[in-house]
Amino acid sequence: MGRIVAVTNLKGGIGKTTTVVHVGAGLALKGARVLIIDVDAQGNLAMALGVRPRRTLYEALVDGAPIASCAVSARPNLDIVAADESLLTAQPTIARRPDWPRVLEQALRPVRNEYDFIFIDCGGSLTVLNLNALTAASEVLVPTTVEPFSVRGLEMLIQQIARVKGSSRSLRAVIPTMYDPRRRQSLELLEQLQASYGALLASPIRVNVRLSEASSVGKTIYEYDPRSRGAIDYAQLVELLSERWAFSPPAQAPQKPVAAPAEPASPAPPEPIVAPVSPAPVSPSAAAAQAADPPVVSGAGHLLSSSCPNCGGPLSRATVAGYRVAYCNHCRYRRQELASGRR
Ligand SMILES: Nc1ncnc2c1ncn2[C@@H]1O[C@H](COP(=O)(O)OP(=O)(O)OP(=O)(O)O)[C@@H](O)[C@H]1O
Ligand SMILES: [Mg+2]
(Lines give C-alpha, C1' and ligand atoms only; values in the text may rest on other atoms or scores of the structure.)
(Ligands and ions follow the chains in the order given, each with its own letter.)
Protein backbone atom coordinates (compact mmCIF):
# COMPACT_ATOMS: atom_id res chain seq x y z
CA MET A 1 0.00 0.00 0.00
CA GLY A 2 1.27 3.45 -0.91
CA ARG A 3 2.43 5.92 1.69
CA ILE A 4 0.18 8.93 2.04
CA VAL A 5 2.28 11.95 2.93
CA ALA A 6 0.88 15.36 3.88
CA VAL A 7 3.22 18.29 3.21
CA THR A 8 2.05 20.96 5.58
CA ASN A 9 2.82 24.16 7.44
CA LEU A 10 0.37 26.76 8.69
CA LYS A 11 2.51 29.51 7.21
CA GLY A 12 1.97 30.46 3.59
CA GLY A 13 4.59 30.89 0.89
CA ILE A 14 7.26 28.77 2.57
CA GLY A 15 7.80 26.13 -0.14
CA LYS A 16 5.11 23.48 0.45
CA THR A 17 4.03 23.29 -3.19
CA THR A 18 7.62 23.49 -4.45
CA THR A 19 8.52 20.59 -2.13
CA VAL A 20 5.57 18.45 -3.27
CA VAL A 21 6.46 19.05 -6.93
CA HIS A 22 10.15 18.23 -6.56
CA VAL A 23 9.96 15.37 -4.09
CA GLY A 24 7.12 13.87 -6.18
CA ALA A 25 8.84 14.42 -9.53
CA GLY A 26 12.19 13.22 -8.14
CA LEU A 27 10.70 9.96 -6.85
CA ALA A 28 8.83 9.51 -10.16
CA LEU A 29 12.14 9.89 -12.01
CA LYS A 30 13.54 7.14 -9.81
CA GLY A 31 10.74 4.84 -10.96
CA ALA A 32 8.23 5.27 -8.13
CA ARG A 33 4.54 5.58 -8.99
CA VAL A 34 3.55 8.92 -7.52
CA LEU A 35 0.26 10.78 -7.13
CA ILE A 36 0.25 14.39 -5.96
CA ILE A 37 -2.95 16.02 -4.73
CA ASP A 38 -3.70 19.69 -4.25
CA VAL A 39 -6.05 20.54 -1.37
CA ASP A 40 -5.41 24.27 -1.72
CA ALA A 41 -7.96 26.31 -3.69
CA GLN A 42 -5.12 28.43 -5.12
CA GLY A 43 -4.46 25.50 -7.46
CA ASN A 44 -0.71 26.14 -7.63
CA LEU A 45 0.31 22.50 -7.96
CA ALA A 46 -1.07 22.04 -11.50
CA MET A 47 0.29 25.46 -12.55
CA ALA A 48 3.77 24.51 -11.32
CA LEU A 49 3.70 21.45 -13.57
CA GLY A 50 2.15 23.26 -16.54
CA VAL A 51 -1.00 21.15 -16.73
CA ARG A 52 -4.65 22.16 -16.69
CA PRO A 53 -6.79 19.14 -15.77
CA ARG A 54 -10.50 19.40 -16.59
CA ARG A 55 -11.62 17.61 -13.42
CA THR A 56 -10.44 18.57 -9.95
CA LEU A 57 -10.57 17.35 -6.36
CA TYR A 58 -13.96 19.07 -6.00
CA GLU A 59 -15.61 16.42 -8.19
CA ALA A 60 -14.15 13.65 -6.04
CA LEU A 61 -14.99 15.16 -2.66
CA VAL A 62 -18.35 16.78 -3.35
CA ASP A 63 -19.83 15.03 -6.40
CA GLY A 64 -18.54 11.60 -5.35
CA ALA A 65 -16.61 10.97 -8.60
CA PRO A 66 -13.91 8.26 -8.28
CA ILE A 67 -10.66 10.06 -7.52
CA ALA A 68 -8.95 8.08 -10.32
CA SER A 69 -11.24 9.84 -12.79
CA CYS A 70 -9.95 13.21 -11.52
CA ALA A 71 -6.26 12.22 -11.82
CA VAL A 72 -4.25 13.04 -14.93
CA SER A 73 -0.71 12.19 -15.87
CA ALA A 74 1.57 15.22 -15.47
CA ARG A 75 4.79 13.35 -16.28
CA PRO A 76 5.76 9.67 -16.62
CA ASN A 77 5.00 7.99 -13.25
CA LEU A 78 3.63 11.26 -11.87
CA ASP A 79 -0.14 11.78 -11.66
CA ILE A 80 -1.92 14.79 -10.26
CA VAL A 81 -5.32 15.56 -8.80
CA ALA A 82 -5.55 19.32 -9.17
CA ALA A 83 -7.56 21.95 -7.32
CA ASP A 84 -9.09 25.27 -8.21
CA GLU A 85 -11.19 27.92 -6.51
CA SER A 86 -14.24 25.61 -6.49
CA LEU A 87 -12.61 23.95 -3.44
CA LEU A 88 -13.58 27.04 -1.42
CA THR A 89 -17.24 26.14 -1.85
CA ALA A 90 -16.48 22.47 -1.13
CA GLN A 91 -15.38 23.17 2.44
CA PRO A 92 -18.81 24.08 3.96
CA THR A 93 -20.42 21.13 2.13
CA ILE A 94 -17.83 18.70 3.48
CA ALA A 95 -18.03 20.23 6.98
CA ARG A 96 -21.76 19.35 7.18
CA ARG A 97 -21.06 15.63 6.73
CA PRO A 98 -20.89 13.57 9.94
CA ASP A 99 -17.73 11.85 8.65
CA TRP A 100 -16.17 15.16 7.53
CA PRO A 101 -12.55 14.55 8.67
CA ARG A 102 -12.36 11.30 6.68
CA VAL A 103 -13.79 12.38 3.33
CA LEU A 104 -10.37 12.57 1.61
CA GLU A 105 -9.14 9.37 3.26
CA GLN A 106 -12.20 7.51 1.92
CA ALA A 107 -11.78 9.01 -1.54
CA LEU A 108 -8.15 7.84 -1.65
CA ARG A 109 -8.81 4.28 -0.53
CA PRO A 110 -9.47 2.82 -4.03
CA VAL A 111 -6.24 4.22 -5.52
CA ARG A 112 -3.88 3.64 -2.61
CA ASN A 113 -2.54 0.41 -4.09
CA GLU A 114 -1.89 2.04 -7.45
CA TYR A 115 0.89 4.27 -6.13
CA ASP A 116 4.08 4.00 -4.09
CA PHE A 117 3.59 7.53 -2.77
CA ILE A 118 0.66 9.93 -2.53
CA PHE A 119 1.70 13.46 -1.55
CA ILE A 120 -0.89 15.99 -0.41
CA ASP A 121 -0.06 19.67 -0.90
CA CYS A 122 -1.77 21.48 1.97
CA GLY A 123 -2.83 25.10 2.12
CA GLY A 124 -1.48 27.59 4.64
CA SER A 125 -4.18 27.36 7.34
CA LEU A 126 -6.04 24.77 9.39
CA THR A 127 -9.05 24.35 7.07
CA VAL A 128 -11.44 21.42 6.82
CA LEU A 129 -9.42 20.19 3.83
CA ASN A 130 -6.08 20.45 5.59
CA LEU A 131 -7.51 18.51 8.54
CA ASN A 132 -8.71 15.92 6.01
CA ALA A 133 -5.19 15.77 4.58
CA LEU A 134 -3.65 15.19 8.00
CA THR A 135 -6.25 12.52 8.82
CA ALA A 136 -5.62 10.70 5.54
CA ALA A 137 -1.83 10.89 5.82
CA SER A 138 0.29 8.16 7.33
CA GLU A 139 3.25 10.55 7.41
CA VAL A 140 3.91 14.25 7.47
CA LEU A 141 6.65 16.42 5.96
CA VAL A 142 7.04 19.94 7.31
CA PRO A 143 8.89 22.45 5.13
CA THR A 144 9.87 25.64 6.95
CA THR A 145 11.76 28.76 6.02
CA VAL A 146 14.80 29.47 8.18
CA GLU A 147 13.42 32.64 9.72
CA PRO A 148 12.69 33.51 13.36
CA PHE A 149 8.86 33.45 13.16
CA SER A 150 8.80 30.25 11.10
CA VAL A 151 11.16 28.44 13.44
CA ARG A 152 9.17 29.56 16.52
CA GLY A 153 5.89 28.53 14.88
CA LEU A 154 7.13 24.98 14.29
CA GLU A 155 6.56 23.74 17.83
CA MET A 156 2.93 24.88 17.68
CA LEU A 157 2.45 23.23 14.30
CA ILE A 158 3.89 19.93 15.53
CA GLN A 159 1.55 20.05 18.56
CA GLN A 160 -1.37 20.52 16.19
CA ILE A 161 -0.23 17.57 14.07
CA ALA A 162 0.03 15.49 17.25
CA ARG A 163 -3.51 16.53 18.28
CA VAL A 164 -4.95 15.41 14.92
CA LYS A 165 -2.85 12.24 14.56
CA GLY A 166 -2.77 11.21 18.23
CA SER A 167 1.02 11.64 18.41
CA SER A 168 3.84 13.34 16.53
CA ARG A 169 5.30 9.99 15.38
CA SER A 170 4.02 10.55 11.85
CA LEU A 171 6.41 13.50 11.43
CA ARG A 172 8.96 12.17 8.94
CA ALA A 173 11.11 15.26 8.24
CA VAL A 174 11.45 18.97 8.88
CA ILE A 175 12.75 20.52 5.66
CA PRO A 176 14.47 23.92 5.83
CA THR A 177 13.59 25.86 2.66
CA MET A 178 14.81 29.11 1.07
CA TYR A 179 17.95 28.79 3.18
CA ASP A 180 20.56 31.49 2.64
CA PRO A 181 23.95 30.33 3.96
CA ARG A 182 25.38 33.84 3.52
CA ARG A 183 23.21 35.15 6.38
CA ARG A 184 24.52 34.64 9.90
CA GLN A 185 20.99 34.51 11.27
CA SER A 186 20.17 31.61 8.91
CA LEU A 187 23.22 29.66 10.12
CA GLU A 188 22.23 30.20 13.77
CA LEU A 189 18.62 29.25 13.17
CA LEU A 190 19.68 26.13 11.30
CA GLU A 191 21.77 25.13 14.33
CA GLN A 192 18.71 25.69 16.54
CA LEU A 193 16.62 23.48 14.25
CA GLN A 194 19.34 20.82 14.37
CA ALA A 195 19.35 20.91 18.17
CA SER A 196 15.53 20.64 18.33
CA TYR A 197 14.85 18.08 15.60
CA GLY A 198 18.10 16.11 15.27
CA ALA A 199 17.79 13.33 12.70
CA LEU A 200 14.37 14.60 11.60
CA LEU A 201 16.00 17.68 10.11
CA ALA A 202 16.69 17.30 6.38
CA SER A 203 19.56 19.08 4.70
CA PRO A 204 18.40 22.57 3.67
CA ILE A 205 17.01 23.65 0.30
CA ARG A 206 18.96 26.79 -0.51
CA VAL A 207 17.32 29.92 -1.83
CA ASN A 208 17.41 29.72 -5.62
CA VAL A 209 15.51 31.98 -7.99
CA ARG A 210 15.60 29.22 -10.65
CA LEU A 211 12.96 27.38 -8.60
CA SER A 212 10.43 30.18 -8.96
CA GLU A 213 11.38 30.69 -12.62
CA ALA A 214 10.79 26.98 -13.25
CA SER A 215 7.32 26.98 -11.69
CA SER A 216 6.32 30.13 -13.54
CA VAL A 217 6.83 28.29 -16.85
CA GLY A 218 5.26 25.04 -15.65
CA LYS A 219 8.46 23.01 -15.44
CA THR A 220 10.17 21.17 -12.64
CA ILE A 221 13.64 22.37 -11.74
CA TYR A 222 15.00 19.04 -13.05
CA GLU A 223 13.67 20.03 -16.49
CA TYR A 224 14.31 23.77 -16.30
CA ASP A 225 17.83 23.87 -14.86
CA PRO A 226 19.11 20.49 -13.68
CA ARG A 227 22.45 21.97 -12.66
CA SER A 228 20.99 24.65 -10.39
CA ARG A 229 21.29 24.66 -6.59
CA GLY A 230 17.54 24.04 -6.38
CA ALA A 231 17.82 20.87 -8.49
CA ILE A 232 20.80 19.58 -6.55
CA ASP A 233 19.21 20.26 -3.14
CA TYR A 234 15.88 18.67 -4.05
CA ALA A 235 17.63 15.67 -5.65
CA GLN A 236 19.52 15.23 -2.37
CA LEU A 237 16.26 15.44 -0.40
CA VAL A 238 14.75 12.79 -2.68
CA GLU A 239 17.72 10.52 -1.90
CA LEU A 240 17.32 11.09 1.85
CA LEU A 241 13.59 10.34 1.78
CA SER A 242 14.11 7.29 -0.46
CA GLU A 243 16.48 5.92 2.16
CA ARG A 244 14.16 6.82 5.03
CA TRP A 245 11.28 5.11 3.26
CA ALA A 246 13.48 2.23 2.07
CA PHE A 247 12.39 2.89 -1.51
CA SER A 248 14.56 1.36 -4.18
CA PRO A 249 13.90 1.63 -7.91
CA PRO A 250 11.92 -1.29 -9.30
CA ALA A 251 13.98 -3.96 -11.05
CA GLN A 252 11.40 -4.00 -13.86
CA ALA A 253 10.57 -1.05 -16.08
CA PRO A 254 8.50 1.51 -14.14
CA GLN A 255 4.76 0.93 -14.57
CA LYS A 256 2.83 3.21 -16.79
CA PRO A 257 0.74 5.75 -14.90
CA VAL A 258 -2.93 4.86 -14.48
CA ALA A 259 -4.25 8.31 -15.34
CA ALA A 260 -4.96 9.73 -18.76
CA PRO A 261 -2.49 12.34 -20.04
CA ALA A 262 -3.27 15.90 -18.97
CA GLU A 263 -4.02 18.65 -21.42
CA PRO A 264 -0.96 20.87 -21.58
CA ALA A 265 -1.66 24.37 -20.18
CA SER A 266 0.01 25.92 -23.23
CA PRO A 267 -0.36 24.84 -26.85
CA ALA A 268 3.37 24.06 -27.08
CA PRO A 269 4.17 20.32 -26.92
CA PRO A 270 5.72 19.27 -23.60
CA GLU A 271 9.48 19.04 -23.68
CA PRO A 272 11.27 15.88 -22.59
CA ILE A 273 11.51 15.60 -18.83
CA VAL A 274 15.28 15.41 -18.91
CA ALA A 275 17.50 17.91 -20.62
CA PRO A 276 20.18 16.01 -22.51
CA VAL A 277 23.60 17.30 -21.55
CA SER A 278 25.84 18.07 -24.49
CA PRO A 279 28.96 15.96 -24.34
CA ALA A 280 31.98 17.76 -22.89
CA PRO A 281 35.42 17.23 -24.48
CA VAL A 282 36.90 14.09 -22.99
CA SER A 283 40.60 13.49 -22.39
CA PRO A 284 42.04 10.17 -23.74
CA SER A 285 42.46 8.75 -20.21
CA ALA A 286 38.91 9.75 -19.23
CA ALA A 287 37.61 8.25 -22.48
CA ALA A 288 39.34 4.97 -21.66
CA ALA A 289 37.86 5.03 -18.14
CA GLN A 290 34.39 5.75 -19.58
CA ALA A 291 34.69 2.88 -22.01
CA ALA A 292 35.50 0.56 -19.12
CA ASP A 293 32.69 2.01 -16.98
CA PRO A 294 29.21 0.71 -17.88
CA PRO A 295 27.06 3.75 -18.70
CA VAL A 296 24.04 2.86 -16.57
CA VAL A 297 23.60 0.16 -13.95
CA SER A 298 20.14 -0.56 -12.57
CA GLY A 299 19.34 -0.44 -8.84
CA ALA A 300 19.24 -4.22 -8.83
CA GLY A 301 22.76 -4.29 -10.21
CA HIS A 302 21.79 -5.34 -13.75
CA LEU A 303 23.63 -3.75 -16.61
CA LEU A 304 21.12 -2.16 -18.96
CA SER A 305 21.49 -2.95 -22.60
CA SER A 306 21.48 -0.04 -25.05
CA SER A 307 18.01 -0.99 -26.30
CA CYS A 308 14.72 -0.38 -24.55
CA PRO A 309 13.47 -3.46 -22.65
CA ASN A 310 9.86 -2.37 -23.40
CA CYS A 311 9.85 -1.69 -27.13
CA GLY A 312 13.38 -2.52 -28.30
CA GLY A 313 14.00 1.05 -29.52
CA PRO A 314 17.33 2.79 -28.89
CA LEU A 315 17.87 4.17 -25.36
CA SER A 316 18.99 7.79 -25.01
CA ARG A 317 21.10 8.83 -22.07
CA ALA A 318 21.33 12.09 -20.16
CA THR A 319 22.48 13.44 -16.85
CA VAL A 320 19.91 15.37 -14.84
CA ALA A 321 20.31 16.83 -11.36
CA GLY A 322 23.12 14.43 -10.58
CA TYR A 323 21.33 11.37 -11.96
CA ARG A 324 22.24 9.29 -14.98
CA VAL A 325 19.04 8.64 -16.85
CA ALA A 326 18.41 6.19 -19.67
CA TYR A 327 15.13 6.81 -21.49
CA CYS A 328 13.28 5.72 -24.55
CA ASN A 329 11.76 8.25 -26.92
CA HIS A 330 9.35 5.68 -28.36
CA CYS A 331 7.63 4.49 -25.21
CA ARG A 332 7.66 5.71 -21.63
CA TYR A 333 10.52 3.55 -20.37
CA ARG A 334 12.94 5.38 -18.07
CA ARG A 335 15.63 4.19 -15.71
CA GLN A 336 17.65 6.38 -13.38
CA GLU A 337 20.69 6.08 -11.13
CA LEU A 338 22.42 8.58 -8.89
CA ALA A 339 25.66 9.53 -10.66
CA SER A 340 28.64 8.71 -8.49
CA GLY A 341 31.02 11.31 -7.15
CA ARG A 342 30.57 14.66 -5.43
CA ARG A 343 28.84 17.47 -7.21
N1 LIG B 1 14.25 27.49 -2.33
C2 LIG B 1 13.60 28.50 -2.93
N3 LIG B 1 14.28 29.58 -3.38
C4 LIG B 1 13.63 30.60 -3.98
N5 LIG B 1 12.31 30.65 -4.21
C6 LIG B 1 11.57 29.60 -3.78
C7 LIG B 1 12.17 28.47 -3.12
N8 LIG B 1 11.19 27.59 -2.82
C9 LIG B 1 10.04 28.13 -3.27
N10 LIG B 1 10.26 29.33 -3.85
C11 LIG B 1 9.26 30.24 -4.43
O12 LIG B 1 8.56 30.85 -3.35
C13 LIG B 1 7.20 31.00 -3.68
C14 LIG B 1 6.34 30.26 -2.64
O15 LIG B 1 6.64 28.88 -2.73
P16 LIG B 1 5.48 27.78 -2.67
O17 LIG B 1 4.36 28.15 -3.57
O18 LIG B 1 6.11 26.46 -2.85
O19 LIG B 1 5.03 27.99 -1.16
P20 LIG B 1 3.73 27.43 -0.43
O21 LIG B 1 4.13 27.19 0.98
O22 LIG B 1 3.15 26.29 -1.18
O23 LIG B 1 2.75 28.69 -0.54
P24 LIG B 1 1.18 28.74 -0.22
O25 LIG B 1 1.03 28.69 1.27
O26 LIG B 1 0.74 30.04 -0.82
O27 LIG B 1 0.56 27.54 -0.88
C28 LIG B 1 7.02 30.46 -5.09
O29 LIG B 1 7.13 31.52 -5.99
C30 LIG B 1 8.22 29.53 -5.26
O31 LIG B 1 8.61 29.39 -6.61
MG1 LIG C 1 1.22 26.04 -2.01
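Reply: One term to begin with: two residues are in contact if their C-beta atoms, placed from the backbone, lie within 7 Å. Keep in mind that this is a predicted model. Leaving aside neighbours within four places in sequence, Ser 138 is in contact with Arg 3, Ile 4 and Ser 170.

Me: Where is Ser 138 found, and what makes Ser 138 count as partly exposed?

Reply: Ser 138 is in the loop between α6 (128–136) and β6 (139–145). Buried needs 20 or more other C-beta atoms within 10 Å, and exposed needs 12 or fewer. Ser 138 has 15 C-beta neighbours inside 10 Å, so Ser 138 counts as partly exposed.

Me: What makes α6 roughly perpendicular to α7?

Reply: The axes of α6 and helix α7 (residues 148–165) cross at roughly 65° and come within 9 Å. The label covers 65 to 115 degrees, so α6 counts as roughly perpendicular to α7. The crossing of α6 and α7 is right-handed. From α6, the residues that meet α7 are Leu 131, Leu 134 and Thr 135, and their partners in α7 are Ile 161, Val 164 and Lys 165. By class, that contact has four nonpolar, one polar and one charged residues.

Me: And how do you know that α1 is roughly perpendicular to α11?

Reply: By the angle again. The axes of α1 and helix α11 (residues 229–244) cross at roughly 70° and come within 9 Å. With 65 to 115 degrees as the range, α1 is therefore roughly perpendicular to α11. This crossing of α1 and α11 is right-handed. On the α1 side sit His 22, Val 23, Gly 26 and Leu 27, and they meet Tyr 234, Ala 235, Leu 237, Val 238, Leu 241 and Ser 242 in α11. Those residues divide into seven nonpolar, three polar and no charged.

Me: Which elements give two or more residues to the shell around ligand 1?

Reply: First the shell itself: 22 residues surround ligand 1, and the closest are Gly 12, Thr 17, Thr 18, Gly 124 and Ser 212. The elements giving two or more are α1 (16–29) and α9 (209–216). The largest share, four residues, comes from α9. By class, the shell has 14 polar, six nonpolar and two charged residues.

Me: Why is Val 39 called buried?

Reply: The cut-off for buried is 20 or more other C-beta atoms within 10 Å. Val 39 has 26, so Val 39 is buried. The place of Val 39 is the loop between β2 (34–38) and α2 (44–49). Beyond four places in sequence, the contacts of Val 39 include Leu 57, Ala 83, Asp 121, Cys 122 and Leu 129. For Asp 121, 82 residues away along the chain, the C-alpha separation from Val 39 is 6.1 Å.

Me: Why does Ala 246 count as exposed, and why is Phe 247 called partly exposed?

Reply: Exposed means 12 or fewer C-beta neighbours. Ala 246 has 6 inside 10 Å, so Ala 246 counts as exposed. Phe 247 has 18 other C-beta atoms within 10 Å, so Phe 247 is partly exposed. Ala 246 lies in the loop between α11 and β8, and Phe 247 is in the loop between α11 and β8 (260–261). Ala 246 has a positive phi of about 50° although it is not a glycine. Leaving aside neighbours within four places, Phe 247 is in contact with Ala 32, Asp 116 and Ser 242. The C-alpha atoms of Phe 247 and Ala 32 are 8.2 Å apart, though the two are 215 residues apart in sequence.

Me: What share of the protein is buried?

Reply: Buried residues make up 44% of the 343 residues.

How values were computed. Residues are numbered from 1 along each chain as its sequence is written. Chains are lettered from A and ligands numbered from 1 in the order in which they are written. This is a predicted model: local features need pLDDT of at least 70, side-chain atom pairs count only at pLDDT 80 or more; totals for chains, interfaces and linings use all residues. A residue is near a molecule or strand if its C-beta atom, placed from the backbone, lies within 6 Å of it. Ala, Val, Leu, Ile, Met, Phe, Trp, Tyr, Cys and Pro count as nonpolar, Asp, Glu, Lys and Arg as charged, and the others, Gly among them, as polar. Axes are lines fitted to C-alpha atoms, for helices over the stretch in contact, and angles run from 0 to 180 degrees between N-to-C directions. Angles under 35 degrees count as roughly parallel, over 145 as roughly antiparallel, 65 to 115 as roughly perpendicular and the rest as oblique. A crossing is left-handed if the near helix is turned anticlockwise from the far one by less than a right angle, and right-handed if clockwise.
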